[in-house]
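Dear colleague,

Please find below the sequence and structure that I am handing over to you. My notes on what was found follow directly after.

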Amino acid sequence: MSAPIKVIVVDDELNTRLALERSLIGQGVQCRSVADGHEALQALRESDFDVAIIDLCMPQMNGIEMLKTIRNEGLRVVPIIFTGMAHLDKAIESMKLGAFDFLQKPIDINQLMLTVQRANEHSRALRHSDQLNHLVNQADAIFDASPDMILALDLNGRIVQCNRRFAQCVGLHRMALIGHNWNAIMKDHLNWSDDCFDTSPQLESNPRNTIRIFGGHYIHHQSEIAHPNGQVWGTIHVLRDITELERAEFLLRRRLEFEQVVSQVSSHFIGVVNLDDAINATLAKIGSASHADRVFIYQMNKMGDDFCLTHDWHTSDWNQMAGATPAEVTLAPLIEALTHEHEVQIHIAHDGPPAPAETTLCEVARALGLVSLIAFPIFIKHRLHGFLALGRLSSGPRWLEEDLALLRITAGVIRSALERETSEMLQRMLTEAINHTDEGIIITDTQPRIQYVNPAYEKISGYSAEEALGKNPKLVQSGLHSPEFYENLYQTISQGRVWRGRFLNRRKDGTVFEEASTISPVRKPNGEITNYVAVKRDVTDQVRLEARVRMAQKLESIGQLAAGIAHEINTPTQYIGDNVRFLRKSTDVLLGLLHSIITVCEQSEYPPAAPPEVDDTGGNDIQRMVHDSRLDYLAHEIPLAIQQSIEGIEQVTRIVKALREFSYPNDKLSKIPLDLNRALDNTLTVSRNEWKYVAEIERDYDPDLASYFCSPGDLNQAFLNLIVNAAHAIEDKVKSGAFEQGRLTITTRQLPEHAEIRIGDNGIGIPPELLEKIFDPFFTTKEVGRGTGQGLSITYAAIVEKHKGTIDVESRVGEGTTFVIKLPLLHPSPAPGDPQTPQSTTELSTISGVNR
Amino acid sequence: MTTILLVDDEQNVLNAMRRSLFDLNESHALHFVPNADQALRLLEQQPVDVLLSDIRMPGMSGEELLLKAYHHHPEVLRFGISGYSKRETSIALINAVHQFFAKPCDIDHLLHSIDRACDGRDRISHPDLRRLVLGTGALPVQAQSLRRLTKELNNPQACIDRIGRLVSQDAGMSAKVLQVVNSAFFGLCRHVSSAAEAAVMLGPEILRAMVHTTDSFQPLEKLPAGSVDLHHMWQWAVQIGDTAYNLALHFSRNRHAADHALIAGNLIPIGLLLLMHDPGLWHEITSQAQLQARPLCQVERDYLGLTHTEIAAVLADIWGFPEPVAAALRYAHHPEAHPLQEFDAVCAVHMALSIVGQFGACSIKGLPCGQLHPAVRALLPHGAFDAPADFLAPFDEELVHATH
């Protein structure tokens with residue numbers, strides 16, 4: 001059952017009004033009656049009525065006015081006008097003002113009911129239409145408000161409807177679209193060659209059913225439209241723009257990918273065993289991540305003069321490309337660019353030549369077979385070590401900022417890996433070197449505690465690393481050095497200076513060894529000393545060897561003197577021998593004479609009674625015998641022969657003794673007291689043959705000259721070299737005919753703090769330009785065989801280096817040369833590493849024993 | 001009467017010598033002077049047979065004195081004596097002195113050597129020959145040998161054995177190095193058994209000095225007319241020496257005798273070399289030999305009073321070679337003139353000559369053996385000389401190849 005019709009009756013006449021109400025209610029109509037137009041309008045405003053039956057003539061507001069108000073206010077009611085007087089014009093006006101019907105009094109209830117029913121139907125239709133309109137308006141608003149493109153096509157592809165967004169995207173007015181064929185519009189207005197929908201294979205293959213049109217990327221949703229009877233008459237297409245969404249999505253994906261790559265790249269280098277494998281894996285990873293066709297690394301070769309391709313990854317397309325082999329590529333412009341830039345990008349543009357500045361770089365890229373290239377330098381220790389480069393075969397999209405960031409990070413990771421590899425290799429080498437060197441190495445902290453000893457030092461000291469670690473280096477102290485010695489050492493290194501010297505240390509087995517040490521502090525960048533590194537060498541054998549070498553030098557010089565010394569000995573030996581032979585002969589003669597005399601005496605009486613008879617020869621037997629035996633001669637010569645033989649023996653003895661003192665073996669480090677005057681005399685004796693034919697000796701010795709602590713062998717050697725040189729200088733002058741005999745002057749003086757020795761000659765002198773060189777080893781002006789050039793250099797070493805003395809030379813060409821030696825009288829304090837040996841006391845007594 | 005001039009700056013040495021010679025009879029006149037200047041003056045003033053000088057002296061050295069004597073008084077026998085043994089001092093004297101003595105030296109040995117040298121010299125009556133024998137310091141050598149030796153000596157990696165071999169391939173060189181080693185030139189007087197050994201002992205340095213600074217070896221670029229082929233002659237001498245060595249070793253079983261025989265054999269051509277050194281004299285003798293068609297030895301004896309082997313013997317005396325060497329040379333052709341008690345170097349050289357053949361009388365390989373003197377044959381065991389070729393030293397092929 002339909003809802004009852006709601007009717008309002010408006011009539012100023014009470015009876016009519018009530019009668020109508022009654023009749024209508026009796027007809028099943030929900031009815032209300034009011035007497036006034038205002039009251040009626042008020043009711044209409046407050047609630048819905050289907051039909052209003054309005055009397056035309058009313059005192060307050062007539063029916064016409066009311067119609068006007070209903071219409072103006074849009075009140076939803078269907079008005080019916082009734083009147084007692086039939087005025088046509090009123091009826092027409094009423095109809096114009098929206099009245100549904102015009103009835104005349106008296107009103108037949110049946111007729112009225114029919115009219116009310118029709119009016120009610122009309123009201124219902126109106127109401128429905130209103131609703132429909134509203135809906136359509138709403139739909140249109142929604143349709144146009146959609147950000148998606150929506151269009152409806154009929155089965156012929158004509159646009160039935162489209163929303164504003166679509167029209168905007170196409171760029172045409174909606175009216176120009178509706179009713180036109182979609183594909184035609186696309187072709188006409190957008191130059192599309194293919195049918196966009198239905199025929200596009202993209203729609204089929206694309207799982208997301210997306211479409212790229214209007215410079216964007218859209219999701220395409222398609223549905224059919226059917227008549228209520230189910231017959232399909234068209235399709236509706238919704239295109240949702242996902243360009244931005246997709247981009248965001250893409251970026252997110254890239255971001256994730258990027259992070260993944262970075263983490264993988266980093267993980268390649270963690271605990272890496274084979275760096276090359278890690279790098280190759282990384283190249284592949286970043287290559288595929290950044291859609292590169294080729295990723296490669298060039299590195300400086302071992303010689304450091306060229307860059308070589310060390311790692312190369314490329315896509316399968318690569319092999320088909322005619323890229324130059326690495327050897328043929330001249331990288332110079334790229335290398336040059338990379339030394340200044342953090343990255344170098346090269347893009348070979350298809351249109352137009354590249355900028356001149358980039359021409360050379362483009363050639364590099366072309367030579368590498370790439371259209372697009374990006375390279376990152378790899379610096380190791382501020383030096384270009386190589387570069388990481390990515391390239392593409394075609395000019396695809398530009399490198400994304402994210403890719404660049406990835407590449408930068410990767411280049412950094414590879415750089416640090418290479419750097420580590422380099423430094424690890426260096427460290428390995430250093431470790432190898434330290435482990436295999438013969439030099440002992442100890443590292444201590446500042447305490448000092450031993451933190452490291454290398455195998456060589458384990459061998460030198462006899463302590464194993466386990467035994468030494470953590471201990472104080474005192475572990476090997478022998479107790480043979482004074483506390484001051486160590487204090488000096490500590491002062492030196494704690495002030496950050498390097499200490500060099502020699503230790504007498506004790507091995508684990510108790511034996512003492514000598515080691516040459518260099519101890520250097522290790523500093524932090526802020527200057528703080530953190531460690532000390534000691535490099536030590538066992539020089540026990542070397543010291544022995546050095547002593548042997550010194551001895552050998554001494555022997556050598558003695559050998560040089562040997563010929564002269566032999567002469568000095570051979571000459572006396574010659575005359576001693578001759579004298580002794582003479583004495584033998586004389587003795588024979590004398591004994592024969594004695595025998596004869598005895599015989600004569602025995603034959604005659606004794607004592608002779610008479611003087612012996614003089615025979616014919618004018619003498620007796622004895623006289624004859626005495627005459628024959630040349631007794632006078634013998635009596636004169638025999639004492640001389642004996643005397644000269646003794647002289648000869650003394651000379652030989654003197655030479656032998658001087659020789660022994662001269663070459664007294666003193667190869668220990670200790671010094672013993674030496675009488676310098678005596679030493680000079682010995683040296684003169686030993687070298688006598690060198691000077692005696694050309695020079696006379698003038699000695700001016702200071703008798704108060706104190707004994708001097710020294711190494712006698714070294715000093716004697718020094719004196720000898722100077723004396724021989726002086727003799728040679730004089731000899732040269734003798735040969736030039738200046739004189740027959742020169743003069744060799746030796747002076748000693750006791751000065752307050754020095755012993756001064758001057759050895760001078762009046763020989764040829766030394767030209768000023770040579771004076772500087774004379775102490776250089778192997779410098780000589782003498783002909784081969786007369787000198788090795790070592791003499792003065794050895795002299796210098798003995799006096800200056802060994803005895804902390806000075807040696808000066810005064811010389812004038814043609815007038816002579818004087819060497820002035822000054823030896824410090826105070827015992828020189830032991831130089832660092834020149835320790836006093838504990839045996840020195842015993843040696844001292846031995847020496848004095850010899851001297852006595 | 002022999003006049004001896006002794007020079008030494010050390011008065012003690014002179015005194016002692018005078019004393020130890022006080023019992024010499026009048027056969028010797030001794031002059032002792034303390035310096036070279038006085039010695040030179042004395043040499044100018046009176047004839048002196050022997051000059052014996054110390055080497056190292058202030059003023060004019062003995063070296064200088066002896067060199068002056070060599071040049072101005074070549075007929076004087078010159079002996080050096082020194083306690084000094086520096087090598088370079090003595091090198092200059094290699095040509096100038098006949099013998100060198102080292103101090104300390106037994107005065108009796110010294111006097112004996114002097115007397116022996118004088119005796120040797122006195123055997124030469126021909127004045128030209130005497131001058132030649134006493135005044136010749138440098139010996140003629142084959143030019144080619146000298147070039148090869150020089151080349152080898154200049155090679156920094158010179159092989160001393162090779163040098164020895166090169167020296168032993170030349171008569172003049174061999175004789176000279178034997179003379180130097182035999183005397184106490186370098187403070188040592190050694191017994192050596194071959195020229196090669198002598199060269200090795202001297203060492204490349206002294207040999208170099210001998211070649212370059214003293215010209216001890218005088219290359220005979222052009223042989224005087226009538227000369228024999230030096231190389232040919234030297235091969236003959238080497239074969240004589242080696243054969244004599246084999247014989248001595250076999251029959252005497254005395255190594256010294258064998259060494260003496262070898263050295264004597266090698267020295268045989270020295271006489272010829274010396275004669276060639278005086279082209280005039282040499283030409284005279286060789287042309288006479290050709291003219292008279294007589295053996296060279298006979299012409300030599302007629303002309304000079306001595307054969308070339310006897311001249312070699314004189315040189316051996318003057319140079320102080322061991323006396324058996326001098327004897328072997330002197331009596332090589334007349335062993336009977338020498339007291340033969342056992343098979344010694346004299347016999348060995350004589351026998352070697354008879355086997356190898358006398359130079360110029362037959363070819364090198366000829367084996368006439370009928371000339372062996374009966375006195376020598378008598379010393380041999382029975383049948384020992386049936387196969388003389390057994391003793392013939394092999395012809396040194398290497399020598400031939402090396403030289404040609």
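This is a predicted model: local features need pLDDT of at least 70, side-chain atom pairs count only at pLDDT 80 or more; totals for chains, interfaces and linings use all residues.

Helix packing in chain B

Helix H12 (residues 255-277) of chain B packs against helix H16 (residues 323-330) of chain B at an angle of about 50°, and their axes are 9 Å apart. H12(B) and H16(B) are therefore oblique to each other. Their crossing is right-handed. On the side of H12(B), the residues that take part are B:His260, B:Ile263, B:Ala264, B:Leu267 and B:Ile268; they meet B:Pro324, B:Val325, B:Ala328 and B:Leu329 of H16(B). Sorted by class, this contact has 8 nonpolar residues, 1 polar residue and no charged residues.

H12 of chain B also contains B:Leu273. Is B:Leu273 buried or exposed? Since residues under 20% relative accessible area are classed as buried, B:Leu273 counts as buried at 2% relative accessibility. Apart from its neighbours within four places in sequence, B:Leu273 is in contact with B:Pro140, B:Ala171, B:Gly172, B:Leu230 and B:Met233. The C-alpha atoms of B:Leu273 and B:Leu220 are separated by 9.9 Å, and the two residues are 53 residues apart along the chain.

The loop between helix H11 (230-252) and H12 of chain B holds B:Arg253. The phi of B:Arg253 is near 55°, a positive value in a residue other than glycine. With a relative accessible area of 69%, B:Arg253 is exposed.

Helix packing in chain A

In chain A, helix H2 (residues 37-46) and helix H3 (residues 63-73) have axes that come within 11 Å and cross at roughly 25°. H2(A) and H3(A) are therefore roughly parallel to each other. H2(A) passes H3(A) in a right-handed crossing. H2(A) contributes A:Gly37, A:Ala40, A:Leu41, A:Leu44 and A:Arg45 to the contact, while H3(A) contributes A:Met66, A:Thr69, A:Ile70 and A:Glu73. The residues of this contact divide into 5 nonpolar, 2 polar and 2 charged.

A buried threonine in chain A

Strand S24 (residues 742-750) of chain A includes A:Thr747. A:Thr747 has a relative accessible area of 13% and is therefore buried. Which residues does A:Thr747 contact, leaving aside its neighbours within four places in sequence? They are A:Asp700, A:Glu756, A:Ile757 and A:Arg758.

Backbone features to inspect

Most residues other than glycine have a negative phi, and most peptide bonds are trans. Besides B:Arg253, described above with its positive phi, the following sites are set out for your attention.

- A:Lys804 has a positive phi of about 55° although it is not a glycine. A:Lys804 is placed in the loop between helix H25 (791-802) and strand S26 (806-812) of chain A, and it counts as partly exposed at 47% relative accessibility.
- The peptide bond from A:Gln447 to A:Pro448 is cis, and its omega is near 5°. A:Pro448 is in the loop between strand S16 (440-445) and strand S17 (450-453) of chain A.
- The peptide bond from B:Lys103 to B:Pro104 is likewise cis, with omega near -5°. B:Pro104 is in the loop between strand S5 (99-102) and helix H5 (107-122) of chain B.

Chain A has 26 helices and 27 strands. Of its 852 residues, 42% are buried. Chain A exposes about 45,800 Å², and carbon and sulfur atoms supply 54% of that area. Among its contacts between residues at least 6 apart in sequence, 60% join residues at least 24 apart.

Chain B has 19 helices and 7 strands. Of its 404 residues, 59% count as buried. The accessible surface of chain B comes to about 15,700 Å², and 51% of this belongs to carbon and sulfur atoms. Among contacts in chain B between residues at least 6 apart in sequence, 69% join residues at least 24 apart.

With kind regards

Note on methods:
Residues are numbered from 1 along each chain as its sequence is written. Chains are lettered from A and ligands numbered from 1 in the order in which they are written. Side-chain values use heavy atoms; hydrogens and water are left out. Axes are lines fitted to C-alpha atoms, for helices over the stretch in contact, and angles run from 0 to 180 degrees between N-to-C directions. Helices (H or I, at least four residues) and strands (E, at least two) are DSSP runs, numbered from the N terminus. Angles under 35 degrees count as roughly parallel, over 145 as roughly antiparallel, 65 to 115 as roughly perpendicular and the rest as oblique. A crossing is left-handed if the near helix is turned anticlockwise from the far one by less than a right angle, and right-handed if clockwise. Contact means heavy atoms within 4.5 Å. Ala, Val, Leu, Ile, Met, Phe, Trp, Tyr, Cys and Pro count as nonpolar, Asp, Glu, Lys and Arg as charged, and the others, Gly among them, as polar. Buried means under 20% relative accessible area, exposed over 50%, partly exposed in between (1.4 Å probe, protein chains only). Accessible areas come from the Shrake-Rupley method with a 1.4 Å probe; for residues, only the protein chains shown count as cover.
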